[in-house]
Protein chains: 2
Amino acid sequence: MSRPPTTQQFVLAELRRAILARELLPNQPIRQDSVARGLGVSRVPLREALKILEAEGQVVYRPHRGYTVTELSLTDLLEVYRLRELLESEAASLAVERYGATELERVEQEHRAVIDAAERDDLVEMIAANRRFHFALLEPAGMPRLMRVIRTLWDTTDAYRAVYYNSADNRSRVLDEHEEIVRTARDRDGAELVRLLHAHRQHAVDSLRETVGTDRQAPGQSSGGSAGAETRTEP
Amino acid sequence: MSRPPTTQQFVLAELRRAILARELLPNQPIRQDSVARGLGVSRVPLREALKILEAEGQVVYRPHRGYTVTELSLTDLLEVYRLRELLESEAASLAVERYGATELERVEQEHRAVIDAAERDDLVEMIAANRRFHFALLEPAGMPRLMRVIRTLWDTTDAYRAVYYNSADNRSRVLDEHEEIVRTARDRDGAELVRLLHAHRQHAVDSLRETVGTDRQAPGQSSGGSAGAETRTEP
DNA sequence: CGACTGTATATTGGATCCAACTTTGCGTCG
DNA sequence: CGACGCAAAGTTGGATCCAATATACAGTCG
């Protein structure tokens, strides 16, 4: 188990994990001193890691009042999926044009990794491999900024992905759909690929609607804007 | 001149300005000690500000090697505009549906601000007002995350906007087009609004192609991914 | 003479310390 | 009894200090 070359990166990874594991809850202040001591580090690298999460929208920062995990209402989640729809469709369309032997091999390799993890009932690895699979599909688009935005969107909904993968039905459906996606990728059929990916995402959305249920849009902070807007000088 | 409530925000604003003013150049290490002393602050708030810029892609960070301003090739700039195309079209389509008296009033107010600044030959204010104008147009879409992404895309190309506004021809064209955009907004004609905004952006792109000229894609770092990818554990 | 290695220096990363602000609780006054 | 104001404690923000890493340079060996 190789640990990151720098403490902030270690802390960042730990924070992501803690948010995912619901050890840090929304609307509950993140006490820097306590978290830092818990990880055996000082507050400085913690604060730098929090700044990254702030910029990603994972936590909300208010000057002199500290950080809290971002509360996600159903509305927020639906927005994330709508953005993914838009961006991943674009990425997929561009990517198919560039699929060569190398790219397809990469995709199939990750596909097998997902299957393998599923057979071993290793949910954590299955989720990770699923992510690599999807990025292997989209990355050939050759648009690094686009990929970065997509990445943060995935991060935002990581906590809910775990719920989705808890169901065996969902897991086997994922595998089936991936199979079809791989076939379509081999054929370089862009339109069909976009369609399949859309349907694929849609299942997650449906599951979300059930899981999160009615939109209780807390009157507190909740909705997304957070950091960027907070830090910028103009509305 | 009210200064920000916290030092990091002051430093952040100063860094943005310095990058825009080409006081900090791409591929040239940002010496924290020197910059911090120059601003009369310690390195801590500087580092936090740099982390935000890193997450936005404005600077590149490499552990133990520090930060540099992100180098933008023509390819990178075109990617930014392509993303804006995608995202702002979506935002505009959604926004028109929600235009009410308040929203339109806000748009027209900013429109007048742009005209006013243009008449006073106040380029800085004209650029700022232009930005407020466009965001007033899009904000009613009610998608905070979408707006945030668009905001960072604007930030990325800020340096080049100054060049564009240097030309009196470009400035007067901006005013004319804004006029037409406002009319279309009042009519709530979504399709036409999207079309106008597209043409509006296209002029900036054309200007960019001339300004930046051939793509010299420096073999160094350059291309976009930077922070997010850098900091994440997986590709 | 070139390449490598070891060392010195500069720069970044992290820890500790102090200051500023926010919040909470108590007391007082209306 | 309620609301306002003040004071104390806790938490965040910033500065300084020390450690770790990378870079530059010089010396040495092939």
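What is the relative accessibility of B:Arg120, and what does the residue count as?

Reply: B:Arg120 has 46% relative accessibility, so the residue counts as partly exposed. On that scale, buried is under 20% relative accessible area, exposed is over 50%, and partly exposed is in between, using a 1.4 Å probe and protein chains only. Before going further, keep in mind that this is a predicted model, where local features need pLDDT of at least 70 and side-chain atom pairs count only at pLDDT 80 or more, while totals for chains, interfaces and linings use all residues. As for bookkeeping, residues are numbered from 1 along each chain as its sequence is written, chains are lettered from A and ligands numbered from 1 in the order written, and side-chain values use heavy atoms, with hydrogens and water left out.

Back to your pair. B:Arg120 meets B:Asp116 in a salt bridge, at 2.4 Å from N to O. A salt bridge here is a side-chain nitrogen of Lys or Arg within 4 Å of a carboxyl oxygen of Asp or Glu. Over in chain A, salt bridges that share partners tie A:Arg16, A:Glu56, A:Arg131, A:Asp155, A:Asp158 and A:Arg161 into one network.

A:Asp158 and A:Arg161 form a salt bridge, with the closest N and O atoms 3.4 Å apart. They sit three residues apart in helix α8 (residues 158-164) of chain A, so about one helical turn separates them. Helices are DSSP runs of H or I with at least four residues, strands are E runs of at least two, and both are numbered from the N terminus. Both residues are tucked away: A:Asp158 is buried at 17% relative accessible area, and A:Arg161 is buried at 7%.

Another pair worth a look in chain A is A:Glu125 with A:Arg132, a salt bridge whose closest N and O atoms are 3.2 Å apart. A:Glu125 counts as partly exposed, at 24% relative accessibility.

Chain A has 11 helices and two strands, and buried residues make up 55% of its 235 residues.
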